[in-house]
Amino acid sequence: MNFTDITPDSLFGGDTSNPIMWLVWIVPIVFFVFYGQRIQLYVTSNEINKGIEKLQKFRDESKTHLVEYLQKNFKITSDATRRVDEFIEYFTIMPVDMDPSGVIQKVKHLMRSREDYTRSQVKLICNGVDGLELSKVQNLLEVVTSLHLLHKIIRHLFLTAKKQNNFPLILPVQMLLPFVLEQATALREAVSALKLGQPIGDGIGPMVVGNMMLGAEKKTVTFETVSAEKEFEKRHLILLKAEGPLASVGRPGDAVEILVAEKKPSIIIMVDAALKMEGETSGSVAQGFGAAIGGIGTDRFQIEEIATKHNIPVYAIVIKQSIKEAISLMTKEIADKADDVESQVYRTVLESTTPGQSVLVVGVGNTLGVL
């Protein structure tokens, strides 16, 4: 063969009978048919690994902040760090739902038992802790536990897929990871607000109702939940929120049940933060119908049951925000909406009731730093 006659055109030109040309096209195709999935698995694994390392870093940082906070502010027991490590491994087994009847009460009982146990554990770790600090430490423990759980779940799914060389199994992890990281970032940033006792975005509902309570006497309705009463344009307003400045959401379901039985309101207005959709503006306000309350669903179920039983319309006013804004320090854009939302509550009262009727206004959310 005369190699002096070989030119680029003769190698890569349009002559399909050239054997080198065949090799240039066929070898990569054969290679990617057999090894393409492995290469993609390798690239995807690297991305997920970085995400898992980030989750681990968030968890470790939050735990360190919690332990430092305990050491700085309380006379903690010598085994406090070990007890924090034990606590974040606690799990909750949800009730069997094959027979859905009565499952809500079971879930409610389970959640209350967990809250009570957490509270007692914090009291054991921190000698002489008061109500406000107890609620802050309780929330910090929940943040660290949530970050620990997110890290464990993603790591488990990733290692299972990698162990089995199962590329289809790793794809859902890759798709879920950005959402998980967004939530984990929000949780990590909530730590500083919780430590300093500053209002978080979720507290806009209690902030609005707290402003309406100014000058009125507050009474405890149920655990960490207070109410006040005032007159407005010949209507009787019953205002309800969690007891500030604790880092607590109170027990709005129980409180609404008690107040509806005692005061017999004509309508219920609920004010809460709500997650915005992409493209929506933070701090935008929207009105609707139904029980505006998040959480696991037990309080919402209880309020819906009471409203239906007594034929009471439920109006909702929500302030839109991202997950990060909801659990980190309240932004100025959201705080500035408090007066506007209060005006909308009064307008709804005037438009939906007549003089002499009663209205129950519920501010839903974590009332940390809000009186």
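This is a predicted model: local features need pLDDT of at least 70, side-chain atom pairs count only at pLDDT 80 or more; totals for chains, interfaces and linings use all residues.
Residues are numbered from 1 along each chain as its sequence is written, and side-chain values use heavy atoms, with hydrogens and water left out. Local features need pLDDT of at least 70, side-chain atom pairs count only at pLDDT 80 or more, and totals for chains, interfaces and linings use all residues.

**Exercise 1.** Find how many residues of helix H7 are buried.

*Solution.* 
- Step 1: locate H7, which spans residues 204-213. Helices are DSSP runs (H or I, at least four residues), and strands are too (E, at least two), numbered from the N terminus.
- Step 2: apply the cut-off. Buried means under 20% relative accessible area, exposed over 50%, partly exposed in between (1.4 Å probe, protein chains only).
- Step 3: count. Nine of the ten residues are buried, among them Ile204, Pro206 and Met213.
- Step 4: look just past the helix. Gly215 takes a positive phi of about 90° there.

**Exercise 2.** Identify the residue whose side chain makes a polar contact of 2.6 Å with that of Glu224.

*Solution.* 
- Step 1: recall the rule. A polar contact is a pair of N or O atoms within 3.5 Å; within protein, one must be able to donate a hydrogen and the other to accept it, and residues adjacent in sequence count only if both atoms are side-chain atoms.
- Step 2: name the partner. It is Ser248.
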